Amino acid sequence: MVTFEGLLYGPNLPLAGEACTAHFSGTTLIVNSHSLVVNTADIEMKVGGFGHDNFYLNWKDSSAKGFSLKPVGRTDIKTVIQTAPQRLKSQFSQWHDRRLTIKTVWTTIISVTVFIVFAALFITWRHDDVIGWIANQVSVKNEEAIGQSVIAQMQENGDIVMEGLAIDTIKQIGDRLTEKSRYEYKWYVLLDDDVNAFALPGGFIVINSGLIQKATHANELAAVIAHEVQHVEQRHALKRAIKSIGWAAGLIIVLGDVNAATAIIFHQLGNMYFSRDIEDEADRLGYGLLFEKNINPEGLLSFFKKLQEENKSEIPEWFSSHPNTVERISTIQNMLDNQPCLACASLVYDWKKIQEDSAIKLLKE
Amino acid sequence: MSNISYEIKGSDMQYVEVTLPPEGAVIGEQGAMMFMDENLEVTAVLGDGTASKFGFIGRLLRALKRMFTGESLFSSRYVNKGKEPQRVAFATPSISKILGINLDELGGDLICQKGAYLAGEEGIQVNIAMQKRLRVGFFGGEGFIMQKLSGKGVTFICANGALREMILEPGQALIVDSGCLVALSPSVAYEIKYAGKIKTALFGGEGLFYASLTGPGKVWLQSLPEGKLARHIMSVAISGKGAGKGKLYLLAVIAFIFLSALGAGGK
């Protein structure tokens, strides 16, 4: 016989209930302190209390007066659950269910809130990594579609050269640099006097004719190509688009809405300034690429230096759009000093002849 | 046994006049005092003025928690420093009546609607009573946060309209309109029931859900929740019942709301 403590409510009892002791015996509930014997068949169990965490055993006596017995503490509740006769026990599932529901609901609400807060913090903290991850969700096919439609828009504006000695040379050097890439690179020359080059998502590399005229050796062209190839490989344009236009853009690009993405990237072409970190990354990886393909990497340095020494009031665009040039030159110098490429050889091309290619001559006046 | 005596005065807008014996103390909400005798000493106390085993931090946390239940951060403590009994009166901040409830009769705890607490004997704590069931929180008319007053002695709470207190026998259920519940003893089960019939739900004017209160315990009900009153006044003002004086009514209502907000802010 295990007794439990409870509060008894009923006629002529205090409003707040009266302390009592009780136990189950066979199919009856005996309230020892109040000399009450109740048939458990008459008892109805109800979940109660403001916190919905307790239960009340309700019954009516012979004169139809209502009584209620509430086990007080956790141990008393346990005792009731363990010692109650079978027919009463079946009613306890209501109490269990209620408690379980409340627990599940609040656990869910709290976990979702915590998750959202942590996700927001994580995204703020690892902003660049998250952008990178999103950019990597874009399939190569979608990237190519984006690049293709940007190129198509540029071709409508004219001045895109797709054949000739210069293109052949760029293609030769480029194919050597991008031999095992997942991208299928396409090479273009834009008839423009500005010394500039840029890369579009999906492996579209555009070199301005002005840059070919400014360079003095094929090594320099190779260096520029290696740098631009890394922009493609690292998906810098996509990352930048996602960063500047926002997360909605990320979603659009990942979902593959080519038109919207094209509009964004085309709009950015005019002022495509990458951050210093991104340029550094392209420099570093570009250098590695030249190294790997045994192309003399000094081209990048000499091209930079030449541009810097030239008329400073008229700094070419490809150069000026790359911030902290002095620092970058010294970084490249360091790489050359620290890991010189002994196996590397200079490219052998008749550079003068390439520059004379009539296809890349601007039709002046 | 309570060591203060009190008298609730007025009809629809009431105040309570408390008489304190020498060295007797009472805690009142900020700005609730209407008048008092000169030998009372008034001090501002943090929260409800009760001690905490965690010291100042504990009291501060409890005061902040108390703010979530619609009360202010500080309250005022009125102590009788004289040799004669002294009076202090607290008035309601709105068109409210006052209920004087002796917590001793309820086993020391009372759950009441948010912001209902007006004053009480020293030592009564005002805590958050968090509603754990979502459906009751959303549709019960009282929200997720109610007040739990615990301690010994008499506490005064505000209610609107005509009042009804009722003792529910074990298992006896009462259906009430949401918002009409003022207070309940903690042994009462407060639940939500679906109206059941679509027609009743749509056209009965009582909404989809009923609040159901099941005994044993005591409940206090009010006939006119503030929100209901405010909605009615607003609709009358906008429809302009009463000889095309709609705009004037609206101005009066805006002035009334503005003044009430000022009053609530200074509470």
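B:Lys9, B:Glu17, B:Asp37 and B:Arg87 are joined in a network of salt bridges, a salt bridge being a side-chain nitrogen of Lys or Arg within 4 Å of a carboxyl oxygen of Asp or Glu. This is a predicted model, in which local features need pLDDT of at least 70 and side-chain atom pairs count only at pLDDT 80 or more, while totals for chains, interfaces and linings use all residues; side-chain values use heavy atoms, with hydrogens and water left out. Residues are numbered from 1 along each chain as its sequence is written, and chains are lettered from A and ligands numbered from 1 in the order in which they are written. Over all chains, the structure contains 15 salt bridges and one disulfide.

- B:Glu17 and B:Arg87 meet through their side chains in a salt bridge with an N to O distance of 3.8 Å.
- B:Glu17 belongs to strand β2 (residues 15–20) of chain B and B:Arg87 to strand β7 (residues 86–91) of chain B, so this pair ties together parts that lie 70 residues apart in sequence. Strands (E, at least two residues) and helices (H or I, at least four residues) are DSSP runs, numbered from the N terminus.
- B:Arg87 also forms a salt bridge with B:Asp37, at 3.2 Å from N to O.
- B:Glu17 is buried because its relative accessible area is 11%, and B:Asp37 is buried because its value is 19%; buried means under 20% relative accessible area, exposed over 50%, and partly exposed in between (1.4 Å probe, protein chains only).
- B:Arg87, by contrast, counts as partly exposed because its relative accessibility is 35%.

**The interface of chain A and chain B**

- In this interface, 22 residues of chain A are in contact (heavy atoms within 4.5 Å) with 26 residues of chain B.
- The two chains bury about 1,900 Å² between them, and 68% of that area is on carbon and sulfur atoms. Buried area is the accessible area (1.4 Å probe) that two parts lose on being put together, summed over both.
- A:Leu15, A:Phe50 and A:Trp106 contribute 39% of the area that chain A buries against chain B, more than any other three residues.
- One salt bridge is counted between the chains: A:Arg98 pairs with B:Glu191, and their closest N and O atoms are 2.9 Å apart.
- On the side of chain A that touches chain B, β5 (44–48), β6 (54–60), β7 (66–71) and α3 (92–125) of chain A each supply at least two residues.
- The largest share of that side, five residues, comes from α3(A).
- The residues on that side of chain A comprise 11 nonpolar, eight polar and three charged. Ala, Val, Leu, Ile, Met, Phe, Trp, Tyr, Cys and Pro count as nonpolar, Asp, Glu, Lys and Arg as charged, and the others, Gly among them, as polar.

**Cysteines**

- A disulfide, defined as a pair of cysteine sulfur atoms within 2.5 Å, joins A:Cys341 to A:Cys344 with an S to S distance of 1.7 Å.
- The torsion about the S-S bond of A:Cys341 and A:Cys344 is about 75 degrees, so the disulfide is right-handed.
- A:Cys341 and A:Cys344 are both buried.
- A:Cys20 counts as buried at 5% relative accessibility, and B:Cys180 counts as buried at 11%.

**A salt bridge within chain A**

- A:Lys293 and A:Glu292 form a salt bridge through their side chains, at 3.9 Å from N to O.
- A:Lys293 is buried, with a relative accessible area of 15%, whereas A:Glu292 counts as exposed at 56% relative accessibility.

**Chain composition**

- Chain A has 16 helices and 11 strands, and 47% of its 365 residues count as buried.
- Chain B has five helices and 19 strands, and buried residues make up 46% of its 267 residues.
- Among contacts in chain A with a separation of 6 or more, 64% are between residues 24 or more positions apart.
- In chain B, 77% of contacts between residues at least 6 apart in sequence join residues at least 24 apart.
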